[in-house]
Each structure stands twice: as structure tokens, then as C-alpha cells.
Amino acid sequence: NKDGGNQSTVYVTHIVNIKPDDPDAIKLSVMNNVLGGGSFSARLIQNLREDKAWTYGSYSSLTPDRITGSFRAFANVKSEATDSALFEIVKEIKNLQQKPIDAKDLELFKNMMAGSFARSLEEPSTVASFALNIERYKLPADYYATYLEKLAAVTPADIQEMAQKYLKPENTWLIAVGDMGKVKKSLARLTPGSEIKMYDFYGNEVKQTGIPAGLTAEKVIDSYINAIGGSDKLSKVTSMTSSANASIQGMTLNVKTYIQMPGKLCVETYLQGNMMSKQVLNGKAGKVSSPMGEQVLDEATVAAMQDELVMFPELTFKAKGYKTELTGVEEINGEKAYKVTITNDKGSESFCYFSAQSGLKLKEVKSTPQGQAITLIKEYKDTDGIKTPSKIIQSVGPQMIDMEVTETKIDTQINESIFAI
């Protein structure tokens, strides 16, 4: 599952019992090129890109191996086309099995492969890799010397035979990486018994259970608010400061955050004690500073940032007209959690997971201008009767960083110079 994803990565894949020295290897290579080997004439790209406009490219690979070979066909597609893309990929595989390719079309693919092979001989490393492959895989000594001859001999009947012999559209994994809420229902139509399994980032199966009768998103959020201190206490907080540390490749990262309501924010980021960036809102204007210089934020950006600058956002959902929906029950770090989808007044979605036992928030997924931001909350600590995160895992681009909040202060006086622009 990838909460908030606007596109899906789809795979059709299964193992193939084919070794590098198999007599069928060259025929299989031609068949794969016809299906989705990389050229714009390949069937997958003609179907999913040129005809349907679902993707920039759709490809396939068939990889021999001494132990277990593999086949896969794949694409990145619009979320709403997830099930259709998988269906069309399987359909193109079946088409190869059911009807021989036109002889003229096959000649086109063989000519492209012959040209690619000839160009590869211009590189000294190619000759070395050929010699290595002959030794490693016990290939005939003239395997590459006779490659073009064997390639030219491949027929339309050979392509159909290879597809029938090695491709298993009726016994394959259909895999999608995308927003489960958008694609799960439609994917169920593609598999016997409507069986859909979900896995986490590490390939562990995610156990899904039903939503308890009578439970709503509002009740889950109220439970969270009560768990961290209660609405009466939280609504009276006017300022908060925190300091958090992390280690990145042996270097110390420190983030200092200052919030003064209404509308004032300062976030300072240090690496090895040197300031790398500073973001400031002073209630009217905003600025971002770094060693590369300063950038004054435009009015629209400042307004958007101030709209989101709330000490405890869950307290404001109703007043702002946000829509909340209880959309699932999952395990987060081995703990049962209720998934709540939050849609703001501009239609943007975020996702929060709350512990079924403690009520505390365990995970949050948001869309930002820099991409998707994921926060896993591992521990909380009590500060003046209010629970705040003390250990979190924060996504920074493709990297996940463990951060520890070393200090949190609530309702202390903040020097106004902190928010100077």
C-alpha cells in the first residue's frame, strides 16, 4: 500500500525454468522483445502507452538463470488504470500464445536485435563478457559466433511455441504498488476467489481485519485527543518548542522548532553544528534561508503555511470542514491500528493510523510539494500533562531517518527575535 499515490506500479511475474545454456534462450529473447523488450514496436508499449495513454512505458524481461529464471512485465500507470493495465498485460501474453506473429513484424524485431548485437561488438568489454559467459554457463564455444545465424532462423511458430511453453498467465503473481483504497476493490476482479494480499515495505504480509461495528473516524480522533491530554488542555496551548536529533551517515542532524500562536514558526536545521536551513513565518511574511542564500516566500505560500500551522490539527478538523473517514484496520509495528483518511477543504488527502489500544497516533502520511512525507511515531513522552512524540522515524526523500526529541517545552516565552525576517 502507498497511501495517497496517484499512480501504481504494476507487475505480472512468475518464475521460469530456463538456464543460460538452454537451446531455447535465443528464441525466448526474441519473444520477450516482441512482447515488451524495449522498442516502441513492442506490444506492451503499443497497447498501454500508444493506444491507452495510461503510462510512459511498459516493458517485460525474461531472465535465464542457473538456478531459477524469472519473467516479469511491468509499468507505472494512473491509479484508475491499475486493474485495466494488469488485465491488458495478461491479454498481450495470451495473444502471443494464441496467434503467431506476422512474419514481417517478426523480421523487424530480429533486425533490431541483430543491429544491437553488432553495435555491442564495438565495445571491448562485450568481448570479455562473451568469453566470461561461455566459461561460466558452459555455452558452446561458437555460441556468439553463430548468434546472428540462430537469430535469423527464429520463426513466427517459434515465438508462439516459446510463449506457450514458458509464459504462465493463468499461474502468475499480479502485483500492484499503489493506494489500496483506490485499487483494492477493482483488483479483486482479476484473481480467483477475489483474494488480495497486502504486504508492507519489507515484504511482510499485512493482516487486515474488519472495522468494529459503530466505530467512526470521529470517535477514533476523539480518543486520540483524550489520549494526548484532552481538548480543554490542548486548546489552551499557545507556544511550543522542541529539539530533535538524528544521525545520518555518522553525522549529527539537529532540528529546532519554535511555534508561537497565532501564525509564527521557526524551524532551524543543523548538520554537525552548522546551520543548513532556517524557515521562518512571523505572522505576516515568510522566509527560507540556507548557505545558498535567502528566499522570501510569496503571499500564497505564506497563507498556505499559516493555514496548516496548528498546534494540534485534530482539534480543528470540524471547524475547517475537513472530511474524516475510517477506512481500515491494519497492523503498524505489530500493533492494531485504525486508519483514518482526512480530506481537507482543498480536496487533498492525508492518512493517520491510531492505536486501537492506546488511542495514540502511530503513523501519518502526507503529500507535500517535495513528495510524500511519512512519519512513524515510536514513543511518546509527557510534558506538563500533554503527550508529544519523543521517538519518530521520518521520511526524507527515499531515506528514513530515526529522530529522537530530546527536549519539548510547552507555553514558555519565546524570544520574538527568533521570528525576525
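This is a predicted model: local features need pLDDT of at least 70, side-chain atom pairs count only at pLDDT 80 or more; totals for chains, interfaces and linings use all residues.
Residues are numbered from 1 along each chain as its sequence is written, and side-chain values use heavy atoms, with hydrogens and water left out.

A disulfide is a covalent bond between the sulfur atoms of two cysteines. With a disulfide taken as a pair of cysteine sulfur atoms within 2.5 Å, a search of the whole structure gives 0 disulfides. C266 counts as buried because its relative accessibility is 0%, and C352 is buried at 1%; here buried means under 20% relative accessible area, exposed over 50% and partly exposed in between, using a 1.4 Å probe and protein chains only.

Next comes helix α7, which spans residues 156-166. Helices (H or I, at least four residues) and strands (E, at least two) are DSSP runs, numbered from the N terminus. D158, I159, Q160, M162, A163 and Y166 are the buried residues of α7. Their cover includes β1 (7-16), α1 (25-36), α3 (82-98) and α4 (103-120), as judged by contact, meaning heavy atoms within 4.5 Å.

Rings of Phe, Tyr and Trp (its six-membered ring) pair if their centres lie within 6.5 Å; planes under 30 degrees apart count as stacked, over 60 as edge-to-face and the rest as tilted. The count comes to 8 aromatic pairs. One of these is the stacked pair of F130 and Y144, at 3.8 Å centre to centre with 5° between the planes. This pair links distant parts of the chain, 14 residues apart: F130 belongs to helix α5 (residues 124-136), and Y144 to the loop between α5 and α6 (147-152). F130 is buried because its relative accessible area is 16%, and Y144 is buried at 18%. Another stacked pair joins F317 and Y322, with 5.5 Å centre to centre and 25° between the planes; both F317 and Y322 are buried. F130 and Y144 also belong to one aromatic cluster with F117, Y143 and Y147.

The loop between α5 and α6 also holds T146, which counts as buried because its relative accessibility is 15%. A polar atom of the T146 side chain lies 2.8 Å from the backbone oxygen of D142.

Definitions and conventions:
A polar contact is a pair of N or O atoms within 3.5 Å; within protein, one must be able to donate a hydrogen and the other to accept it, and residues adjacent in sequence count only if both atoms are side-chain atoms.
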